[in-house]
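Visitor: I've got a structure to look at and I'm new to this. Could you walk me through it?

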Amino acid sequence: MEDPAFTVLVTESGNGGQQALRAVREVTGLSLWRSKLLLGSVPAVVLEQVPLDAAVVAARRLRETGVPTTVRCTWCDRSVPRDETPLDPAPYASSYWPTAHCLANSLTSCDCEICSFYGPVGLTL
């Protein structure tokens with residue numbers, strides 16, 4: 001089973017100035033010019049298909065410089081709260097994966113066929 005991936009989005013224009021540009025450059029590896037274009041075209045995706053811990057670190061770095069961001073799970077299409085606590089399992093948008101297998105949620109057990117046969121697989125943080 002493939003690990004879930006997360007997306008870091010800039011949700012609105014911030015007031016971070018040069019620090020925000022440097023933070024976007026640090027997180028993405030883009031040039032300052034491309035970072036400025038990205039910040040000017042909000043809402044914009046900063047990182048795609050990254051693990052939860054990397055997405056949380058990137059979002060935290062951007063927020064420190066005044067860039068409003070959100071971290072979204074690509075499995076369940078839910079946003080991770082700003083305090084980075086696990087999500088409540090409902091509502092859940094994915095029809096492909098059992099709720100407990102999303103790394104962004106707060107469940108610690110699952111009753112899906114895979115887990116009943118192999119034991120808990122990839123549950124929570």
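Visitor: Which strand does T7 lie in, and is T7 buried or exposed?
Guide: This is a predicted model, where local features need pLDDT of at least 70, side-chain atom pairs count only at pLDDT 80 or more, and totals for chains, interfaces and linings use all residues. Residues are numbered from 1 along each chain as its sequence is written, and side-chain values use heavy atoms, with hydrogens and water left out. T7 sits in strand β1, residues 6-10 (strands are DSSP runs of E, at least two residues, numbered from the N terminus). Its relative accessible area is 11%, and under 20% counts as buried, over 50% as exposed, partly exposed in between, with a 1.4 Å probe and protein chains only, so T7 is buried.

Visitor: How are α1 and α3 oriented to each other?
Guide: Helices are DSSP runs of H or I, at least four residues. The axes of α1 (residues 17-28) and α3 (residues 52-64) come within 9 Å and cross at roughly 165°; axes are lines fitted to C-alpha atoms over the stretch in contact, with angles from 0 to 180 degrees between N-to-C directions. Angles under 35 degrees count as roughly parallel, over 145 as roughly antiparallel, 65 to 115 as roughly perpendicular and the rest as oblique. That's why α1 and α3 are roughly antiparallel.

Visitor: Which residues does L39 contact?
Guide: Contact means heavy atoms within 4.5 Å. Leaving aside neighbours within four places in sequence, L39 is in contact with V10, S13, A20, L21, V24 and V67.
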